[in-house]
Amino acid sequence: MTTMNRRNFVKLLAAAPLASVLTVPTAARGAAAAKRVVVVGGGFGGATAARDVNRMDPKIKVTLIEANKTYVSCPLSNEVISGHRTIDTLHASYDALAKRGIEVVHDLVTAIDPAKKSVATKGGKTLSYDALVLAPGVELNYGAVEGYSEAVAAEIPHAYKAGEQTLILKKQLEAMPDGGVFVIAVPKGPFRCPPGPYERAAQVAHYCKTHGKAKSKVLILDTNDTFAKKPLFEQAWNALYPGMIEWVPGSKDGKVVKIDPKTKMAFTELGEHKADVLNLIPPQSAGAIAKAAGLTNAAGWCEVVPSSMESAVHKGIYVVGDSCVGGELPAFPFPKSAHMANTQAKVAAGAIVASLNGVAAPVPYYANTCYSLVAPDYGISVVHVYRVEDNKFVYVKEAGGVSPVDALPIQRKLEAEYADGWFRNIMADAFA
Ligand code: FAD
């Protein structure tokens with residue numbers, strides 16, 4: 001962070017959700033006693049929303065519906081691939097949320113009826129709501145690359161939903177011979193974690209360098225012509241892994257259009273590349289249930305009202321996390337990150353509690369922080385903060401920044417430590 005010190009930034013972050021809590025008068029809270037908020041999806045967005053509605057107004061009944069019993073964090077999962085952490089360090093259970101009084105239901109939501117204000121589940125339940133938070137993450141569009149499918153992902157992993165996929169990719173890296181080629185195919189943005197593929201390249205190179213595979217190569221075949229924190233990544237790649245990582249942009253035939261899973265060939269429009277390990281990250285769109293509920297735009301993402309995160313399509317439904325439309329100012333400056341999902345969830349929770357209590361919604365701030373680990377003792381980061389004015393996003397220039405290119409080694413080391421602290425905090429803020 002260049003123009004604001006970290007302590008002030010943390011204060012700013014802490015102030016935004018607090019404002020939501022404090023603006024609900026005690027007398028008004030009683031009026032919401034019979035209200036129910038249903039949250040679909042228990043990732044960083046949904047779990048935070050459930051926890052914050054419950055914290056702000058415990059009289060509101062909160063039901064969190066999540067398909068899986070254990071959540072596996074994608075943040076820091078690239079470190080599992082390189083062996084610097086184990087997958088269990090990324091696990092979160094829903095027990096603490098249940099202990100807070102949140103009803104946790106493990107089921108798959110199959111339909112949403114915005115008119116009747118109810119959701120239906122695969123297990124046969126129908127639950128009505130006064131406000132719905134939808135946080136289903138992303139859908140991976142396997143069919144966009146010829147030869148790829150959900151079944152093929154068992155052999156050609158994406159590792160873009162953490163868990164079993166992460167472990168498959170890790171095993172394949174371990175089995176790769178010295179001199180092998182590890183191909184990462186990057187889809188057209190927006191996709192979750194904009195710096196994720198480039199951090200992964202560094203983690204793979206680090207593994208190869210330290211495990212007798214220094215003649216190996218990481219080839220990034222990219223659909224895009226640039227990427228997040230590019231100068232910082234390129235500086236780190238050159239310094240730490242010289243000659244090991246090659247990036248091919250879309251304009252230089254980087255887009256993978258077809259694969260052959262048997263031979264591990266990746267085909268671009270003009271060329272072909274033989275991989276020893278092929279990591280194909282497919283294009284993405286909002287979680288399937290968001291599309292089924294008619295909440296997505298032509299590009300496949302959910303548009304929201306900037307002051308509240310309420311859907312631009314259906315009132316009473318608040319969409320948070322990766323399913324939201326993301327892009328540049330002035331429209332929706334939402335990168336698909338756990339930190340942004342957490343912030344959006346706090347804004348939605350504040351707006352919902354205010355609305356159910358008949359008081360004005362607090363004025364929101366949005367923040368994104370994203371650390372990338374290019375080596376165990378080498379971290380880089382980016383921070384952006386936005387406020388909302390006349391229901392439009394305004395970038396708060398003084399509040400953000402990117403790690404400097406000319407940082408000292410100690411600063412890179414400290415950023416790696418901050419990344420670990422950031423992770424522990426956000427896991428606690430969502431699941432504890
Ligand atoms: P998710 O976390 O995906 O949660 C969605 C949940 O909804 C899932 O648990 C799913 O089971 C559930 N669900 C979906 N549909 C239904 C349904 N119909 N019924 C019931 N449940 C349903 N972000 C950062 O901020 N920092 C990082 O360092 C970082 N690193 C990353 C590294 C990698 C390799 C990847 C892939 C991502 C990374 N991210 C990072 C991005 C981050 O993981 C996502 O932005 C974040 O998980 C989004 O949260 P979410 O709640 O929208 O979705």
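The structure is a predicted model, in which local features need pLDDT of at least 70, side-chain atom pairs count only at pLDDT 80 or more, and totals for chains, interfaces and linings use all residues. Residues are numbered from 1 along each chain as its sequence is written, and side-chain values use heavy atoms, with hydrogens and water left out.

Select residues 265-268, which make up strand β15, together with β16. These two strands pair in the antiparallel sense over three bridges. Helices (H or I, at least four residues) and strands (E, at least two) are DSSP runs, numbered from the N terminus. Two strands count as paired if DSSP finds at least two bridges between them.

Next, select the open sheet formed by three strands in the order β6-β7-β8, with antiparallel pairing. Here β6 (109-113) and β8 (126-128) stand at the edges, each with a single partner strand, so one side of each lacks a neighbour in the sheet. The average twist from one strand to the next is 20°. Strand β7 (residues 118-121) is joined to β8 by three bridges in the antiparallel sense. Within β8, serine 128 stands opposite serine 118.

From aspartate 113, a distance may be drawn to glutamate 328: the two are 215 residues apart in sequence and 31 Å apart in space, C-alpha to C-alpha. Glutamate 328 is placed in the loop between β19 and α10 (338-357). At 66% relative accessibility, glutamate 328 counts as exposed. In this tour, buried means under 20% relative accessible area, exposed over 50%, and partly exposed in between (1.4 Å probe, protein chains only).

Strand β21 (residues 378-389) and strand β22 (residues 392-395) run antiparallel and are joined by four bridges. Tyrosine 386 has tyrosine 395 of β22 as its bridge partner. The two strands form a hairpin with two residues between them, and aspartate 390 in the turn has a positive phi of about 50°.

Select alanine 159, in the loop between β10 (138-140) and α6 (164-175). Its phi is near 50°, a positive value in a residue other than glycine. Alanine 159 counts as buried, at 2% relative accessibility.

Methionine 309 lies in the loop between α9 (288-292) and β19 (317-319). Although methionine 309 is not a glycine, it has a positive phi of about 70°. At 0% relative accessibility, methionine 309 is buried.

Then move to proline 190, in the loop between β11 (181-186) and α7 (196-210). A cis peptide bond joins glycine 189 to proline 190, with omega about 0°.

How many disulfides does the structure contain? The count is zero, a disulfide being a pair of cysteine sulfur atoms within 2.5 Å. For cysteine 193, the nearest cysteine sulfur is that of cysteine 370, 4.7 Å away. Cysteine 193 is partly exposed, with a relative accessible area of 29%, whereas cysteine 370 is buried, at 11%.

**Last stop: the cavity**

A search of the whole structure finds one cavity of 30 Å³ or more. On a 1 Å grid over the protein atoms alone, a cavity is a set of points where a 1.4 Å probe fits but cannot get out, and lining residues have an atom within 4 Å of a point. Grid points are joined across faces, edges and corners, and a volume is the space filled by probe spheres set on the points. The largest cavity holds about 30 Å³ of space. To display its lining, select Gly321, Asp322, Cys324, Phe334, Pro335, Lys336, Ser337, Met340, Ala341 and Gln344. By class, that lining has five nonpolar, three polar and two charged residues; Ala, Val, Leu, Ile, Met, Phe, Trp, Tyr, Cys and Pro count as nonpolar, Asp, Glu, Lys and Arg as charged, and the others, Gly among them, as polar.

How values were computed: On a 1 Å grid over the protein atoms alone, a cavity is a set of points where a 1.4 Å probe fits but cannot get out, and a pocket is an open set with protein on both sides within 12 Å along at least five of seven lines; lining residues have an atom within 4 Å of a point. Axes are lines fitted to C-alpha atoms, for helices over the stretch in contact, and angles run from 0 to 180 degrees between N-to-C directions.
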